[in-house]
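Have a go at each task before you read its solution.

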Amino acid sequence: MKRRPVIVVLWLLVLAACIAGTVRTRFTADLSAFLPRTPTEQQALLVDLLRDGLVSRLLMVGIEGADGDTRAALSRRMAETMRGDAHFASVNNGDGSHADAERRWLFDHRYLLSPAVDAQRFSAAGLGDAIGHTIDLLASSAGMLVKPLIARDPTLETLNVLETFDAGSGPGSLAGVWASADGRRALLLATTRATGADTDGQQAAIAALQADFDAARRQLGAEGVALLVSGPGVFAVDARDTIRNEVKRLSLIGATLIASLLLLIYRSATALLLGLAPVVSGALLGIIAVGLVFGEVHGITLGFGITLIGEAIDYAIYFFIQGTTRNRDEFWRTIRLGVITSLCGFGALLVSGFPGLAQLGLYSMAGLTGAMLTTRYVLPSLVPAGFQVHDVAPLGRRLVRPVLAAARLRLPAALLAVAAVLFLWQQRDRLWHHELSALSPVPVAAQRLDAMLRADLGAPDNRYLVVATADSAELALRRAETLAPALDRLRGQGLIAAYDSPARLLPSRHSQGLRQAALPDAETLRDRLQQATAGRPLRPSRLEGFVADVAAARAAPLLGPSSVDGSVIGLALEALLIPQQGRWRALLPLSAPRHDDGDHDLDAAAIATAIADAGVPETVFIDLAEESRQMYAGYLREAWSAALGGVTAILLVLLVALRSPQRVLALVLPLAAAVALITALVVLAGERLTLLHLVGMLLVGAVGSNYALFFVTADPADGLPRPETLASLLIANLTTLCGFGVLALSSVPVMHAIGVIVGPGAIFALCFSAMFAARPRDDPGAA
Amino acid sequence: MKPAALICALMLVLATLPAAADTSWTVDELMRSLAAAAGGRVAFVERKSIAILDEAVVSRGEMRFTPPARLERLTREPSEESMVLDGDRLSIRRDGRHFDLELRNHPQAAALIDSIRGTLAGDREALEASFALSLAGSRQAWRLDLLPSDPRVAEIVLRIHVEGSAGRVALIDILQADGDRSQLRFTPIDRSE
């Protein structure tokens, strides 16, 4: 073999550059890469909102076990520690500890905040009614609660303000802290400082939460208690851990399997190491390419690196086994054609709407090209003089007989494939998963825990939103206020159970200004109080505090978002009034009426119409579940076009290379049969197909065509390639099974779906290709 | 309400029973009598004297007590209102509004309300959690004074004075630390009602 040291040096330089680049590449494992890029701007903004907004920073906490008092004590102790912990922006357990400051603020600003304040209410008659009402209330059982207010707030605006704020029904209490309705769990709601997209920050916060719980449990000597935590942050952290662990574990298993297999075949450590050269070069090139194009490399992409090992090592296998014995030009032609068809398959992923899949496509394309170039140009120069792998020709010869025998089963195999196609056709309405959640690596148990705590806490699921967008916070708040009558009507009709609005927490300056203008000056107010209290047991002279407060409110500066910064109210407002790219969004979450049958769906069409009729500009009603369903449907369609495009490209390449429609058909039909069979088996096993299964099918075609090529270009005598080629195909096939097959064990749907299709699918592809290519001597008529 | 009527009847019968022969009428006996008679409905009139108001405000209605822990107060005048204390949970409904409170979060209000419930229930333990008890008078006409022993309760209550006859409570008079006063008078409800 001719040695070319220049190439080796060049290769080493490229490798060194790649390693240097890899060190600087950013690796992520968050989920968003495997959620679709959203098709419309509206949805994109919304997803950002939900990903980075306050909703994403909520941690829902439950304490289970022991008795109510122990749980309450734990809840108090935890809340106390967490409030001093920089990981958390806020902690609420219903113990009313921070409520004092909040009530104080509401009391101080009651005349700007109370929706009841208008000119009528501050007329003599209005004041008279309000005061009469207040005196009645004093006589009642609630009298104790309002008595301290009367001198400064005889119209009880404080209660109006509190009522507006408490509109969202919080959880019930047990032993002084929030508890689930069945009384079995104490509840806390925490907001992390880290955004939802900051998985490290979320992880630290969750760890701190667990530590606080453990500490509280030790201090109180509580036995048999358990901590439940859920929320977007928990999902993100768990998913990342799962992905990381599985990528590590499965890579190790796959690599070990492949290495053992190759050692067994080659009986040479040198050959194994040399065989890894194309793999390592390909993997590094892949990482660099993805890093350069996408700015970061996803953990799952690396996970698919295993599959690249399975593919790239094939080239070395072919080279060691066939490259030395066979007509070299013909060998490289076949390899090159195989690489091109694979590139067509992976290339289809590039246009995918999933950034993660596009990464995978690019990674595989760069990796395969790198591996192929390394095998073609570098490997020959690396091979030591007199290097020889264990001769596999005997293995290949032993294979010939069974293959020829199997060829007799061609008819049953064809029937099996036809049956698979018919089965899939018959099942066509039930084949596909239609929910985006099918791709979520969050286990069902975790989703259930989340739903339980959410219901316990009465936390909005934010499925239904009315979103009003405007150029300023003020205008967004005014739009939210304008929507209120329409929403109140919907509530009156029972179409919605309740709604929330940022304008409840902070009225627009416009509304505040109107209220301020409705407040009379001190002299006028005193006159009116004189009339209002006539015949009542309350003398106006006792209400000077009220007069002073109203005078102060008349001159007070109006409140804006900055007035509530850092407070509990500010935090609540932050979730509903969100600055985004220079614009402001007011979010008005709607909650669906609870029906006895547990159905929580809203009549979306009626609500959308009512919102549209309200005529508020730039305002939309959004059903997030429906949006995500539609997004998913869109992606499935897109994946179909990509897959069809990929198949078409492969067919064209083959047609050009083989110059014979018959040969292309002979090559493609076994592959199609393999795809049909594995898909039918997966469906029979009870899995519903996602678009990743579809991607898997495409890859079966891309990978399988490599094997099939060796058959259609084979010796026409018995339709089979030379024995050593046959052996190398079997080995390459087994490594593919190892690489992709281990992915099927993954609990991450993205990895599992592709693994379960491609692993066995590749085997079927080889079997079918061999069966239909072989020509048993007693069956000369076979084409 | 039939069971309630029955209990009322029982209360009335008990109330007219001749006093026991012994002269020592103890807190324990009072509590036993109260507990035995507990349950049923009574009419109430409450007079509240509040410093900021020139004259007392009066409310009327009906109270129902369901041992051991449910006390309902249905106010008819001057405005409709329902207050239900069940265990630790107090809920008040008026004008279509609904307030829910947990007594633990309002220890002072809790002491006041619990003094009424504890008296009606004959629950000595509950009463003595916040008050020192002193009893005077005879079985037929007793007077029970509750003096706050819990300093937090003492912040708002000076003393509570209760009067009654055997197992029937006739008056609960609460004098608050700020000088405000609430007098609750009870009368049995006519069985025909």
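The exercises below go from helix packing to single residues and backbone angles.

This is a predicted model, in which local features need pLDDT of at least 70 and side-chain atom pairs count only at pLDDT 80 or more, while totals for chains, interfaces and linings use all residues. Residues are numbered from 1 along each chain as its sequence is written, chains are lettered from A and ligands numbered from 1 in the order in which they are written, and side-chain values use heavy atoms, with hydrogens and water left out.

**Exercise 1. Two helix pairs**

Find how α14 packs against α15 in chain A, and how α17 packs against α30.

Step 1. Helix α14 of chain A covers residues 328-350 and helix α15 of chain A covers 355-382; they pack at about 170°, with their axes 8 Å apart. Axes are lines fitted to C-alpha atoms, for helices over the stretch in contact, and angles run from 0 to 180 degrees between N-to-C directions.

Step 2. That angle makes α14(A) roughly antiparallel to α15(A); the cut-offs are under 35 degrees for roughly parallel, over 145 for roughly antiparallel, 65 to 115 for roughly perpendicular, and oblique for the rest.

Step 3. Contact means heavy atoms within 4.5 Å. Residues making the contact include A:Trp332 and A:Phe346 of α14(A), and A:Met365 and A:Leu368 of α15(A).

Step 4. By class, the contact of α14(A) with α15(A) has 14 nonpolar, six polar and three charged residues. Here Ala, Val, Leu, Ile, Met, Phe, Trp, Tyr, Cys and Pro count as nonpolar, Asp, Glu, Lys and Arg as charged, and the others, Gly among them, as polar.

Step 5. Now take helix α17 (residues 410-426) of chain A and helix α30 (residues 749-773) of chain A: their angle is about 135° and their axes are 10 Å apart. That makes α17(A) oblique to α30(A).

Step 6. A:Arg410, A:Ala413 and A:Ala414 of α17(A) meet A:Phe768, A:Met771 and A:Phe772 of α30(A). The residues of this contact of α17(A) with α30(A) divide into five nonpolar, no polar and one charged.

**Exercise 2. The two faces of a helix**

Work out which residues of α22(A) are buried, and what they pack against.

Step 1. Helix α22 of chain A (residues 522-532) has the buried residues A:Leu525, A:Leu529 and A:Ala532. Buried means under 20% relative accessible area, exposed over 50%, and partly exposed in between (1.4 Å probe, protein chains only).

Step 2. These residues cover an arc of only 60° around the axis, which puts them on the same side of α22(A). The arc is that of the directions from the helix axis to the C-beta atoms.

Step 3. The buried residues of α22(A) pack against α6 (124-139) and α23 (544-555) of chain A. On the face turned away from the buried side, α22(A) carries the exposed residues A:Gln530 and A:Gln531.

**Exercise 3. Backbone exceptions**

Locate A:Arg267 and B:Pro78, and check their backbone angles.

Step 1. Most residues other than glycine have a negative phi, and most peptide bonds are trans.

Step 2. A:Arg267 is not a glycine, although its phi is positive, about 55°. A:Arg267 sits in the loop between α10 (232-266) and α11 (269-294) of chain A, and counts as exposed at 59% relative accessibility.

Step 3. B:Glu77 and B:Pro78 are joined by a cis peptide bond, with omega about 0°. B:Pro78 is in the loop between β3 (70-77) and β4 (81-86) of chain B.

Key: Helices (H or I, at least four residues) and strands (E, at least two) are DSSP runs, numbered from the N terminus.
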